[in-house]
Each structure stands twice: as structure tokens, then as C-alpha cells.
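Dear colleague,

Please find the structure below, with its sequence.

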Amino acid sequence: MPTQKHSVVVVDDDRSVNQAIKRLLLAAGFTVETFQSAEALLESDAAQRAGCLVLDVTLPGLSGFELQQRLKQRGAERPVIFITAHDVPSNQEQARKAQAVAYLPKPFPGLSLMAAVADALASSENLTTTSR
């Protein structure tokens, strides 16, 4: 079973984006699970095991923002990185209000994502340590 400390869940409806992010993060030593919809993630227990979430803002069905809220309601609140191909001020503002660790417009440099994931996982570990 993967440890939460290095586990990342990625939700993007574009299979090639999921694969690229997964390869990048696996090469950096993280455990990665990918999903193509918010609903697919909600049907699993992956969010409960994750150290952080990388969520596309625009998904079929529930948006990344709505997914974050649903997970929060279920007690699976995790640090979130929002990614989007639709970089508009309203998305930036919503990500800020959702207290996202990062907001990355596509295409983004791999190093930016890896830095954001490292920050998110450190944040997650701090939350776990203080809640014990």
C-alpha cells in the first residue's frame, strides 16, 4: 500500500496529460494514481490515501473545484494543485479562495509541477503531524 507521504492523485480528462504527469512524478519518486473524471475518483478510496491532489479545473461532470468541495465534505481534505487550459481570472480567484497550493496554467514546466507537489506534500505532512 502506498504511503500517503509520497502519494499523488491526478484528475484530468485528457489521457495524454495524465500519462505525462504520471511519468514525470514517477521519475521523481512519487506514487501516482490517475483518473479521467471527478466521479471516477469519488468512486475510489484513492483520495483518502493521497498526500495531495492535482486537479484539472475543467472536467466533464464535476469541475475540479466542485471535486475539492465534495472531498472536503467527505473528510478527505488534501492539499490541492489546480491545473487548467482555461486560464481566466475567475479560475485564478476560485483557486485562491480554495487555498490551492498552486495554480498552473497549461502548458506548465515540469519543474513547476514538481515544486508544487513537493510543497503540497510537505503541507500534507505538516497537517498530519499537527493532527496527531
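A salt bridge is a side-chain nitrogen of Lys or Arg within 4 Å of a carboxyl oxygen of Asp or Glu. This is a predicted model, in which local features need pLDDT of at least 70 and side-chain atom pairs count only at pLDDT 80 or more, while totals for chains, interfaces and linings use all residues. Residues are numbered from 1 along each chain as its sequence is written, and side-chain values use heavy atoms, with hydrogens and water left out.

Arg78 lies in the loop between H4 and S4; helices (H or I, at least four residues) and strands (E, at least two) are DSSP runs, numbered from the N terminus. Arg78 is buried but has no salt bridge, and Glu77, the nearest side chain of opposite charge, is 7.7 Å away. Buried means under 20% relative accessible area (1.4 Å probe, protein chains only); Lys and Arg count as positive, Asp and Glu as negative, and His and the chain ends are not counted. A polar atom of the Arg78 side chain does lie 2.7 Å from the backbone oxygen of Gln48.

Within H4, the residues Gly64, Phe65, Leu67, Gln68 and Leu71 are buried. They are on the same side of H4 because they cover an arc of only 160° around the axis, taken from the directions from the helix axis to the C-beta atoms. Their cover includes S1, H2, H3, S3, S4 and helix H5 (89-97). Just after H4, Gly75 takes a positive phi of about 85°.

How values were computed: Buried means under 20% relative accessible area, exposed over 50%, partly exposed in between (1.4 Å probe, protein chains only). A polar contact is a pair of N or O atoms within 3.5 Å; within protein, one must be able to donate a hydrogen and the other to accept it, and residues adjacent in sequence count only if both atoms are side-chain atoms. Contact means heavy atoms within 4.5 Å.
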